[in-house]
Amino acid sequence: MHISRRAVAAAAVLATVLPLSACGGGGSGSDSSDASGKVEGKITFQTWNLQANFKGYFNGVIADFEKKYPGTEVKWVDRPGEGYADKISADAAGGTLPDVVNVSPDLVAPLAKAGLALDLDKAAPKYRKEYLDGAWKSHQIPGTEGTYAFPWYLNTGPMFYNKRLFKDAGLDPQKPPATYDEVFADGLELAEKSNGKVATLANVPTIEDFGRYGGQLMNKEGTGFAFNDAKGVELLTHYKELYDAKALDPQALTATPESSGHKFLTESVAMNPGSALDLANFKKQAPSLYKNIGITDQVSNTGKANMYVMGVMVNAQTKRKPAAVAFAHYVTDATRQMEFAKQVAIFPSTAGSLDDPYFTKEDGTDETRVRVAAAKSLKTAVNYTPVLFSEQMKTELRNQIAKALQGKQSPKEALDNAVKACDRLLQQS
């Protein structure tokens, strides 16, 4: 899923493995928002590459739902991870969209515009208070009224840093950089002291970096992008300075989460975003790194971390609206989310869940330390990536940033061009 590639390697892989959706009688049903009526009938529940790892969990959820609502039947279909967005587009065009679909915010936007996503503010407003406010709002679309998916699991991760590399450069290993200015200053210092052998970062800035830097990403109406403002240009100018000083890894232009993770693992990069899952990997594959691992918050000028959100959408045209809404809510309620979070390193979007001792009590292990820190940051975290920012737009931004870093155009020109391209794609959608 798109969020996965922006999340750090392990969390990223997880998010790719994790999405959930449901398939069935789309097409000719009513498109009203009335979901009242008896919960009954057959719906199809389609998951995305989940059966291999979570068969028992989902079989249990389905059995419990069918027991709670006699007369319902949930058919479970599992799809491979590749091409999921294309599959949703094809189903939407062909009138075969699932009854209940796992979506990320950017996937729900075109479906909502096409009238295929049920507005939960109208159909199921009583459930809103069960979820974290930021999570509920993540499936709202600028310029459009309504909320178009139940929030499901959240993810975020800390920033890992290499204490040894900081110490070798004369920097305080107990005081890692917390703001972008501190990252830029420390980055130039690390590069200079290591004669360009140690980079601080292995990735070019993404759209959420512009958000965490404090820039504006879109206009209020949701009709155009604005990340070419003064803040955006300032951020990219600093990245250019890092790149020229070899404080940004030379291969950052083509980096993937996996390749960035490898650079950090081999100690040629001093900082890398990550998740609780990475720690076991460090311990096993890079004991010398593990011995010197520092764990800190995501770099941010806003004081708010970035969160990745998954949701569960109801097809507005399903013939079994009461059952589809009931099942989408059931999968994402506090009980089910808490059970799921204990099986895999994700976080519930339900209000109060993050206060559970599982997310607040330290037990001396690194894994718990990361989980507790991430859970705390999620309470105020923001999904910085605009709902309307598509995969194509991410590619446009990345390509223009690459040209700026290589000196083929100025940071201002690069971001102006990226905004133009993204606005054009927005008008086409």
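These exercises work through parts of a predicted model.

**Exercise 1. Strand S7**

Task: Find which residues of strand S7 point one way and which the other, and state whether they are buried or exposed.

Solution: 
1. In a regular strand, side chains alternate between the two faces of the sheet.
2. Strand S7 covers residues 293-296. Ile293 and Ile295 point one way, while Gly294 and Thr296 point the other way.
3. All of these residues are buried.
4. Strand S5, residues 159-162, is joined to S7 by four bridges, and the two run antiparallel. Tyr161 has Gly294 of S7 as its bridge partner.

**Exercise 2. The length of helix H19**

Solution: 
1. Buried residues of H19 include Met393, Lys394, Leu397 and Gln400.
2. After H19 comes Gly407, with a positive phi near 80°.

**Exercise 3. How H11 and H19 pack**

Task: Describe the crossing of helix H11, residues 230-244, and H19 by angle and distance, then name the residues in contact.

Solution: 
1. Two packed helices are described by the angle between their axes and the distance between the axes.
2. The axes of H11 and H19 come within 9 Å and cross at roughly 55°.
3. Angles of 65 to 115 degrees count as roughly perpendicular and those under 35 degrees as roughly parallel. The angle here makes H11 oblique to H19.
4. The crossing of H11 and H19 is right-handed.
5. On the H11 side, Leu236, Tyr239, Lys240, Tyr243 and Asp244 make the contact; on the H19 side, Ile401, Ala404 and Leu405 do.
6. Ile401, Ala404 and Leu405 are also among the buried residues of H19.

**Exercise 4. Two positive phi values**

Task: Locate Asn195 and Glu267, give the phi of Asn195 and of Glu267, and decide whether Asn195 and Glu267 are buried or exposed.

Solution: 
1. Most residues other than glycine have a negative phi.
2. Asn195 has a positive phi near 55°. Asn195 lies in the loop between helices H9 and H10.
3. Glu267 has a positive phi of about 65° and is not a glycine. Glu267 lies in the loop between helix H12 and strand S6.
4. Buried means under 20% relative accessible area, and exposed means over 50%.
5. Asn195 has 67% relative accessibility, so Asn195 counts as exposed. Glu267 has 15%, so Glu267 counts as buried.

Terms used: Residues numbered from 1 in each chain as written. Predicted model: local features only at pLDDT ≥ 70, side-chain atom pairs only at ≥ 80, totals over all residues. Heavy atoms only, no water. Buried < 20%, exposed > 50% of the residue type's maximum accessible area, 1.4 Å probe, protein only. Pairing = 2+ DSSP bridges. Axes fitted to C-alpha atoms, helices over the stretch in contact; angles between N-to-C directions. Parallel < 35°, antiparallel > 145°, perpendicular 65-115°, else oblique. Left-handed = near helix turned anticlockwise from the far one by under 90°. Contact = heavy atoms within 4.5 Å.
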